[in-house]
Amino acid sequence: MKIINVFLAAVGLMALAGCSAPASDDAEMDRFVTDLMGRMSLRQKIGQLNLPTGGDMVTGSVQSTDLANLIRNEQIGGFFNVRDVEKIHELQRIAIEETELKIPLLVGADVIHGFETIFPIPLALSCSWDTAAVETAARIAAVESSVNGINWTFSPMVDICRDPRWGRIAEGNGEDPYLGGVMAAAYVRGYQGDLSGKDNILACVKHFALYGASEAGRDYNTVDMSRVRMYNEYLPPYKAAVEAGVGSVMSSFNVIDGIPATAHKWLLTDLLRDQWGFKGFVVTDYESIHEMTFHGVAELKEAAARALAAGTDMDMVSEGFLKTLEASLADGSVSEQMIDRSCRRILEAKYKLGLFSDPYKNCNPELAAKLTFSKDNRAQARRIAAETFVLLKNQDNTLPLKKKGKIALVGPMADAGGNMCGCWTPTCKPENHKSLLQAMRQAVGNDAEILYAPGSNLYYDPKQHEVAAGWRKIEYRSDKNLLSQAIAAARSADVIVAACGESAEMAGESVSRTNLEMPDAQKDLLKALVATGKPVVLLLFSGRPVILNWESENLTAILNVWQGGSEAGDAIADVVFGFVNPSGKLTTTFPRSVGQIPLYYNHMNTGRPISGNDYFVQYRSNYLDESNEPLYPFGFGLSYTTFSYGELALSSDTMPKDGSITASVKVANTGDCDGTEIVQLYIRDKMASITRPVKELKKYQRITLRKGESCNVEFTLTANDLKFYDADLNFVFEPGEFELMIGPDSKNVSTQTFKAE
Ligand code: NOJ
């Protein structure tokens, strides 16, 4: 009640100040913002460009700021990293009631895969290939964020990544530009809706650009790349987000052409605005302006001036704009128009969000209590999580398990509760998450017995364990008998389920790894379990591809459950016991060796390709000691049922430039249960003005077939699907011969050729 009164008072005050509820079209917005800016001093305008952290959630080095003071002094356009709804409401109230201009604040947060109802990490979500599911997840995240006062999320992260050493591979959609693009658009739709609704929040596509190509997979490292590669392989997902209407863009930490992205005019203005037509605002990443000093490019004042001139509008944490722009204006390093331009973009975003007429939008503790982590939201998270799991091996149809006899559940992730949720969850409450052990016991009831033993720590070294266990604690167990207790449980069981792999803190920001094998203690546990002779099912927890050569040979079944969110326990139990049939397919290649990285399906052929699975052929592009092949290719994933693919047919053997070609294939469910298959279409441009990938995903369909059912799957391609950026960066259609491939994954395809004319 108190809040409603405060809100009404605020609206009244805004009306007095001339901020009446604006209409929605662009001309009206223009008039409104022009009028407001006409009443703003230079200092107030610069204040709008400043974005400090509240420090309740720690996502970088500076811990906290006196936000109330900054707001009263009109030195702030928004803030982020404040957790509590009442606190956020109070800060917004100060802006509306205790400042001259009463400009509402943007309230940001890293809501990356859910607010409190946590969905699987984005890499996992992409493995569902289900854009509707991703949109639903983003929509639920938006509703929960909005009632908790957040009106801006730093998501989607759409950096293409081909290097699983980089921990942030967990936050993106994998290695494919087309899939990355459709996923990017789904996130934007889910978060933003039409922006103005009470529970719509502003999205922020990041990290612009190319952050996923950090050298050697080391976070924050240098990036260097040709424009042709950028345009064809790395930029499409960002562009798709812009086309979907994303309201803000975050510049990346890395350099491009030796220039930090935050100060890169070609990137932030020529490409983003002039070529792509982006109309929103650009925010830096955490302290990126300040970091330009460490890049060896400029001290704070010059860095801020260069960033502003290049097209950066809002400064996250550095306070470079706040502290130096007045001086830079005085000495002519920046112009007033540049400051006005950025201020206008930020005010326009606030206007589009509807903040001038409704500054609190949905921010309301009562609503928050009702709509956050609700039963319905959690049911969706459970359903969607189960769609993301990828069945990598299932010898003798060991999975699904029968709910009978004795099942040994071992491994450090088996009773890890809140740690299963994943890497980017500063807003989650891990204490509310069910562990896998609880979920499996609940699923079997009295029909079967679950014998639990942790078996090992994450690592042998307590310090390494401690770092990996993070704040969602997995306690280090110093018990010398850990392994022997697990073996005893395993021996008396009919089947062993091992919950092993990466904890939440072993993926995400600042978590690069050079060794991608199963951590030492867990690997030894798996070996000892195999030695019992009992079937061993690995539930693989991971935020990235793990090297699984030994596991794939020696274990009976492997289900990759990633980091599955707050409902992971129940979702895993659903799949393990066969209530849900797994349907996820990999969107990231699983290598055999770290030495193969970067390894990705859509590579070029080279002038000296090898054929087939040859290990070593002299004077060919290959390795002396390892195959070129991945362990599990892009697009791969099994099901509890089987699907057969009929003959691939094309509607014609030519495709006119202005016409289309249709490919069709009959897909049948030939196994014993209903299931969902992801049918994938790839093309190869055989001869072009520049070298083209050996395969490129162009279309796919998720189809659900009942046991015994079949259907004809059709895809239509037009010239647009065959275009690429040539050496001069023109998006061109080049006539010639194309291979068209359809199959259940990127390796296992049938091929037909056609001519495009
Ligand atoms: C740094 C990360 O790179 C970025 O993704 C995140 O949004 C910001 N910190 C804010 O927490």
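In the predicted model, S746 is buried, with a relative accessible area of 3%. This serine is located in the loop that connects strand 26 (736-743) to strand 27 (750-756). Leaving out residues up to four places away in sequence, S746 touches Y601, P633, F634, G635, Q680, Y682 and K695. With F634 there is also a polar approach, in which a polar atom of the S746 side chain lies 2.7 Å from the backbone oxygen of F634.

The ligand is surrounded by 13 residues, the closest of which are T59, D110, R168, H207 and D285. For D285, an N or O atom of the side chain is 2.5 Å from a ligand oxygen atom. Taken alone, the ligand exposes 300 Å², and the protein buries 100% of that area. H207, listed among the closest residues to the ligand, belongs to strand 5 (residues 204-208). The peptide bond leading from K206 into H207 is cis, with omega near -5°.

A further cis peptide bond joins S155 and P156, where omega is about 10°. P156 occupies the loop between strand 4 (152-153) and helix 8. Helix 8 comprises 16 residues (177-192), and its end C-alpha atoms are 22 Å apart, in agreement with the 22 Å that should be spanned at 1.5 Å a residue. Helix 8 is mostly covered, since 13 of its 16 residues are buried. At the start of the helix, the backbone nitrogen of Y178 has a side-chain oxygen of D176 within 3.0 Å. After helix 8 comes G193, with a positive phi near 50°.

Helix 17 (residues 375-388) contains 14 residues and reaches 20 Å from its first C-alpha to its last, close to the 20 Å expected at 1.5 Å a residue. Buried residues in helix 17 are N377, A381, I384, A385, A386, E387 and T388. The elements against which the buried residues of helix 17 pack are helix 6 (122-126), helix 7 (131-147), helix 16 (365-371), helix 23 (568-576), strand 11 (390-394) and strand 22 (696-705).

Y234 is placed in helix 9 (residues 227-234). At a relative accessible area of 5%, Y234 is buried, because this value falls under the 20% cut-off. Its contacts, with neighbours within four places in sequence set aside, are I160, R162, L210, A213, M225 and R229. Y234 and L399 are separated by 165 residues in sequence and by 37 Å in space, from C-alpha to C-alpha.

Most residues other than glycine have a negative phi. D396, which is not a glycine, has a positive phi of about 55°. This aspartate is found in the loop between strand 11 and strand 12 (405-410), and its relative accessibility of 65% means that D396 counts as exposed. T606 likewise is a residue other than glycine with a positive phi, near 70°. Its position is in the loop between helix 23 and strand 17 (643-645). With a relative accessible area of 43%, T606 is partly exposed.

How values were computed: Residues numbered from 1 in each chain as written. Predicted model: local features only at pLDDT ≥ 70, side-chain atom pairs only at ≥ 80, totals over all residues. Heavy atoms only, no water. Helix = DSSP H or I, 4+ residues; strand = E, 2+ residues; numbered from the N terminus. Buried < 20%, exposed > 50% of the residue type's maximum accessible area, 1.4 Å probe, protein only. Polar contact = N/O pair within 3.5 Å; in protein donor to acceptor, adjacent residues only side chain to side chain. Contact = heavy atoms within 4.5 Å. Expected span 1.5 Å × (residues − 1). Near = heavy atom within 4 Å. Areas by Shrake-Rupley, 256 points an atom, 1.4 Å probe, with all protein chains shown as cover.
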